[in-house]
Amino acid sequence: MAPATPITAPPGVWPGTAYPLGATYDGAGTNFSLFSEVARRVELCLIDEENRETRIPLDEVDGYVWHAYLPGISPGQRYGFRVHGPFDPARGLRCDPSKLLLDPYGKGFEGDFGADVAPYNHGRNTLGHTMTGVVIDPFFDWAGDRAPERPYHETVIYEAHVKGMTHTHPQVPPRLRGTFAGMAHPAIIEHLVRLGITAIELMPVHQFLHDRILLDRGLRNYWGYNSFGYFAPHREYAASKTPGAAVTEFKAMVRAFHAAGIEVILDVVYNHTAEGNEFGPTLSFRGIDNAAYYRLVDDDPQHYMDYTGTGNSLNVRHPHTLQLIMDSLRYWVLEMHVDGFRFDLAAALARELHDVDRLSTFFDLVHQDPVVSQVKLIAEPWDVGEGGYQVGNFPAAWTEWNGKYRDTVRDYWRGQPAALGEFASRLTGSSDLYETTGRRPGASINFVTAHDGFTLADLVSYNDKHNEANGEGNQDGETWNRSWNCGAEGPTHDPGVLELRARQSRNLLATLMLSQGTPMLLHGDEIGRTQQGNNNVYCQDSALSWMDWELMHTNSDLLEFTRRAVALRAAHPVFRRRRFFDGRPAPTHDHPDDIAWFTPGGAAMNDADWENGFTRALTVFLNGDGIREPGPRGERITDDSFLLCFNAHDESLAFTLPDADHGNSWSVSLDCSTPTGAPATETDHPATATVQVPARCLLVLRRTA
């Protein structure tokens, strides 16, 4: 290993403090602090503009935390650590002082990793071949920023990618495209506000690594599920390349979203890191304290436990790793003002031994934390390990991506038999999954599409995945997608197929917005974004995955339909109840139950109707006078009553409206057979009248008398 190049050292080294961990600037200097239980010696390395380093021994150690305070060290200073200790992979020990290690608590990073193999090889100096930490300025004018604090039953989530959302928008200046500043541009915010979005869920923005195997194939880790900097916004998403700019621009973005009434939720990846398995690079955690940060195979600690399919799993059994996660979450809430988190592969965080334990230490800490427990907590309730599918099994304070909702709604609209009973359960908030744990309908994050899988346009256009562009022989990505191409695979000029695809898209969007629970819309679905049948664009930083904003004009009808469906939900609390239906009569004795189910013939559904595996049509009555939960000031909530006429058959059906006990007169509010959802006619329909519902169509009627 080459010796350090002597350069001018900072004036004096003070003992500093063990906490807070990381690099903390206080206006006069910077405190540096690093945990390592296995280290014998730790050096702080200050890096200058010519990539030369000054090594400063950290002689103060408290509770395995090595620390020092350096007066005069200010924002913009680049730094890293070298950890001296045992290197014995067979025992899980991987200290290597040749490696310039990144700060696990680093709030900003600079530079790049280069293309050589130095981080992968023991004994190779990585100075100049790795990123460095950078001291950031924590001071920011929030200008009276206030969190929207919108309850779940009023929330509409929009899952988006920072670059994909902004890279081609014609109104976003070129220098801002693909950045946090681009996300904060008025054109982007106006689109979300007009759509009715109340929360944006950003795909990973923690500092992440582009895998070498992808770079070698001319690809990139576009999605970003490869984090290593849990306190730092990804530097590629900063418009300015000055050190620490990503932090300031991220805060400005959050401030702009809050001013528009939109919450910011981060997709976070605390289940694994970018260092991979034993053949991966040594960037940070591995060289600092491998056994503390990672789950190692108990009887063979040279190997890593992998519940994530990425090579390693963070060791949530170790108190310091738990502290790292909790400190990171609090930092993003208190310092960066985010409003919640979606936890990638959250089941992995519950694995204290091998089985998933929903009452594990991590969840105990979250529930007890006065900061983190008060923001939105969304679990992706599965991982790739045995027993990892845990939909419905997370603790009371958590909401979940409801994979069963996605699968059931897809199956219903593509005409699968025996889907009716479960479809009804998903439509009404999935009480079978959440009610017994004290949760409410908002715990179900309902979605039909997400980043992982087909877009909405592709869901109705492809039977099979087409991932050839990923260079893996079309072996990657989910094979069983519950999709239907409506009669032709991929692009077609057949007007019948195109009309059916458009109608199916509207059916799926309307079902999503009118279901009890918290809806989540995938970015671009409102304008028909396609990935040409690729259901795994994790490595496609290209037009294949970016938003095509020209579709706002090409598919303006779909955009208008989506706005109409979201607005219908927002205007009517009967579609977004805080509590589950109970089947009891309304508070006033002259009204029927809060919900009722009818056959297309107008008869109340019986057991035989529910068990008929080939039935694909039903009417749902939602009683606006049957909402039992009070409003925020204790007031009684009343609303219009609605009929939702679902017809997933391939033929038009005559629906008989319920008797006058449920309403004397009905008008169409949303018609999925028309391009924008506007009613085909303004005719009112009396009780027991017959209404024709086209094939594969959802018709929504409002009681007018």
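A: Start with burial: a residue counts as buried when its relative accessible area is under 20%, and as exposed when that value is over 50%. Keep in mind that this is a predicted model.

Q: Is L44 buried or exposed?
A: L44 is buried, because its relative accessible area is 0%. The residue is found in strand β3, residues 41–47. Not counting residues up to four places away in sequence, L44 touches F32, T54, R55, I56, L58, L70, Y79, G80 and F81.

Q: How do I read a helix that has a buried side?
A: An α-helix has 3.6 residues a turn, so residues three or four places apart point the same way. Here, helix α8 covers residues 361–368, and its buried residues are F362, F363 and V366. Seen down the axis of α8, these buried residues fall within an arc of 95°, so they line one face of the helix.

Q: Which elements do the buried residues of α8 pack against?
A: They pack against α7 (319–334), β19 (340–343) and β20 (376–379).

Q: Which residues touch the most other members of the largest nonpolar core?
A: That core has 176 residues, and those with the most contacts to other members are F250, L266, F341, F343, F362, L644 and F646. Take L266 as a case: beyond its neighbours within four places in sequence, its contacts are L202, V205, F250, W332, V338, G340, F341 and R342. Another core, of 16 residues, lies apart from the largest one and includes I265, W382, L433 and Y434.

Q: What about empty space inside the protein?
A: Rolling a probe the size of a water molecule over the atoms shows where empty space is left. A search of the whole structure gives eight cavities of 30 Å³ or more. The largest cavity holds about 80 Å³ of space.

Q: Which residues line the largest cavity?
A: The lining consists of R410, W413, R414, L459, V460, R482, S483, W484, C486, Q504 and L508. Two or more of the lining residues come from each of α9 (403–413) and α13 (495–514). Sorted by class, the lining has six nonpolar, two polar and three charged residues.

Q: How do I read backbone angles?
A: Most residues other than glycine have a negative phi, and most peptide bonds are trans. C486, one of the residues lining the largest cavity, has a positive phi near 65° and is not glycine. C486 lies in the loop between α12 and α13, and is buried, with a relative accessible area of 6%. N474 also has a positive phi, about 60°, although it is not a glycine. N474 lies in the loop between α12 (456–459) and α13. N474 counts as buried because its relative accessibility is 19%, and the cut-off is under 20%.

Q: Which residues does a cis peptide bond join?
A: A cis peptide bond joins Y19 and P20, with omega at about 5°. P20 is found in the segment before β1 (22–25).

Conventions
Residues numbered from 1 in each chain as written. Predicted model: local features only at pLDDT ≥ 70, side-chain atom pairs only at ≥ 80, totals over all residues. Heavy atoms only, no water. Buried < 20%, exposed > 50% of the residue type's maximum accessible area, 1.4 Å probe, protein only. Helix = DSSP H or I, 4+ residues; strand = E, 2+ residues; numbered from the N terminus. Arc of directions from axis to C-beta. Contact = heavy atoms within 4.5 Å. Core = buried A, V, L, I, M, F, W, Y, C linked by side-chain atoms within 4.5 Å. 1 Å grid on protein atoms, 1.4 Å probe; cavity = no way out; pocket = protein on both sides within 12 Å on 5 of 7 lines; lining within 4 Å. Points joined across faces, edges and corners; volume = space filled by probe spheres on them. Nonpolar A, V, L, I, M, F, W, Y, C, P; charged D, E, K, R; others polar.
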